Amino acid sequence: MEDFMKIINSPWFSKLVWSLIIIVLSMCIYSIITRLINRNVEKKNIKILADKKAKTYVVLIKSIIRYTFVAITLLVILQTWGVNINSVLTGVGVLGVTFGLAIQDLLKDVIRGSSILSDKYFSVGDIVKYGNVEGKVLELGLKTYNRMTTNSTPIHLLVVVIIGLTHLTFLYL
């Protein structure tokens, strides 16, 4: 019995209990927020679920919220165990800047691709021309898009070349 009381009164046991409480509270708050998002999406069911782009944004928002909650929960738990959060955040910031500079071109392509998708500059099925090759858009993505030439040859292009594309769909109507 004394051993059990020593374990319960030990500092690591109280830190463990607080860590579990933090995890449960975080999961409850995350669950409430996702239910609110789901309820709002269900209210606008006809408009949102019919639009693939809207579905993508809803999934993206849920994913961002999930990762944010995981990061905050981990930081609070680390602070509970006595880790200096300021040094952790400084280190993460330095790594973030380094990583951001390393993938700068990828981020540019993803931002261009997302603006093309959100502005509906091109859609699947549109006829486009790049240089002297013309074809139909088969698939759009954040970094690349695929199109089929008039002689049925698939072409895979980066979003960067979209600046040189000519939109021909309206000429064929």
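1. A word on terms to begin: helices (H or I, at least four residues) and strands (E, at least two) are DSSP runs, numbered from the N terminus. Please keep in mind that this is a predicted model, in which local features need pLDDT of at least 70, side-chain atom pairs count only at pLDDT 80 or more, and totals for chains, interfaces and linings use all residues. Residues are numbered from 1 along each chain as its sequence is written, and side-chain values use heavy atoms, with hydrogens and water left out.

2. On the overall layout, the protein has six helices and five strands. Read from the N terminus, the order of elements is α-α-α-α-α-α-β-β-β-β-β.

3. Of the 173 residues, 21% count as buried (under 20% relative accessible area, with a 1.4 Å probe and protein chains only).

4. S19 may be worth a look in your viewer. This serine lies in helix α2, residues 11-43, and is buried, with a relative accessible area of 5%. Leaving aside residues up to four places away in sequence, S19 touches I77, T80 and W81 (contact means heavy atoms within 4.5 Å).

5. Helix α5 is hardly covered, with one buried residue among its 18.

6. At the start of α5, a side-chain oxygen of N84 comes to within 3.2 Å of the backbone nitrogen of N86.

Note on methods
Buried < 20%, exposed > 50% of the residue type's maximum accessible area, 1.4 Å probe, protein only. Polar contact = N/O pair within 3.5 Å; in protein donor to acceptor, adjacent residues only side chain to side chain.
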